[in-house]
Amino acid sequence: MRLDEQQAAPAAEGEDFELDDCRVWMRLMFWSARQVGLDQHRPFFKWYVRFISHFIAVYERQAPAYAAVEAEWSADQRNIDKYVADGRIMLDILDTPPEFYLPRAGQPAQRRA
């Protein structure tokens with residue numbers, strides 16, 4: 001099963017988006033906008049990047065700083081090809097070492113800060 005087909009584990013329900021989640025989401029939003037040609041109208045696409053930047057702040061306060069970078073990421077076909085080849089996982093964002101997810105004694109596995 002691909003990552004994008006999996007459902008969140010019940011223990012993960014209700015967790016907030018973290019910075020890496022927000023960056024992946026923004027890349028996918030910008031890529032999808034480019035796929036339908038919205039980037040061809042430059043004033044609109046500039047507005048769209050600002051809109052996403054404003055919107056994502058609801059989920060993670062550091063994420064807006066990445067909006068322009070993630071919009072640029074989506075413009076490079078090599079990035080898209082690598083994303084697909086890697087099993088639709090953005091390893092450059094999600095390459096956190098496995099130890100980061102190991103449970104502490106007596107606690108369920110969770111992402112530790």
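Biologist: In what order do the elements of the chain run from the N terminus on?

Modeller: This is a predicted model, in which local features need pLDDT of at least 70, side-chain atom pairs count only at pLDDT 80 or more, and totals for chains, interfaces and linings use all residues. Residues are numbered from 1 along each chain as its sequence is written, and side-chain values use heavy atoms, with hydrogens and water left out. Helices (DSSP runs of H or I, at least four residues) and strands (DSSP runs of E, at least two residues) are numbered from the N terminus, and the chain has four helices and zero strands. From the N terminus on, the order is α-α-α-α.

Biologist: How far apart are the end C-alpha atoms of helix α1?

Modeller: Helix α1 covers residues 19–35, which is 17 residues. The expected span of a helix is 1.5 Å times one less than its number of residues, so α1 should span 24 Å. The model agrees with this expectation, because the end C-alpha atoms of α1 are separated by 24 Å.

Biologist: Which helices do the buried residues of α1 pack against?

Modeller: A residue is buried under 20% relative accessible area, exposed over 50% and partly exposed in between (1.4 Å probe, protein chains only). The buried residues of α1 include Cys22, Arg23, Met26, Arg27, Phe30 and Trp31. An α-helix has 3.6 residues a turn, so residues three or four places apart point the same way. Contact means heavy atoms within 4.5 Å, and the helices against which the buried residues of α1 pack are α2 (42–56), α3 and α4 (77–85).

Biologist: Is glutamate 70 buried or exposed?

Modeller: Glutamate 70 is placed in helix α3 (residues 67–73). Beyond its neighbours within four places in sequence, glutamate 70 is in contact with Arg23, Met26, Arg27 and Phe30. Its relative accessible area is 0%, and therefore glutamate 70 is buried.

Biologist: What is the length of the polar contact between the side chains of glutamate 70 and arginine 23?

Modeller: A polar contact is a pair of N or O atoms within 3.5 Å; within protein, one atom must be able to donate a hydrogen and the other to accept it, and residues adjacent in sequence count only if both atoms are side-chain atoms. For the side chains of glutamate 70 and arginine 23, the length is 2.5 Å.

Biologist: Which residue forms a salt bridge with arginine 27?

Modeller: A salt bridge is a side-chain nitrogen of Lys or Arg within 4 Å of a carboxyl oxygen of Asp or Glu, and the count comes to six salt bridges. In the one formed by arginine 27, the closest N and O atoms are 2.6 Å apart. Arginine 27 is buried, as is its partner, which is glutamate 70.

Biologist: Which residues do salt bridges that share partners join into one network?

Modeller: Lysine 82 and aspartate 86 also form a salt bridge, with the closest N and O atoms 2.6 Å apart. Lysine 82 is partly exposed, because its relative accessible area is 47%. Salt bridges that share partners make one network of Arg23, Arg27, Glu70 and Asp92.

Biologist: What is the phi of arginine 88?

Modeller: Arginine 88 is found in the segment after α4, and its 29% relative accessibility is why it counts as partly exposed. Most residues other than glycine have a negative phi, and most peptide bonds are trans. Arginine 88 has a positive phi, near 65 degrees.

Biologist: What distance separates the C-alpha atoms of alanine 57 and cysteine 22?

Modeller: Alanine 57 is located in the loop between α2 and α3. Along the chain, alanine 57 and cysteine 22 are 35 residues apart. The distance between their C-alpha atoms is 9.2 Å.
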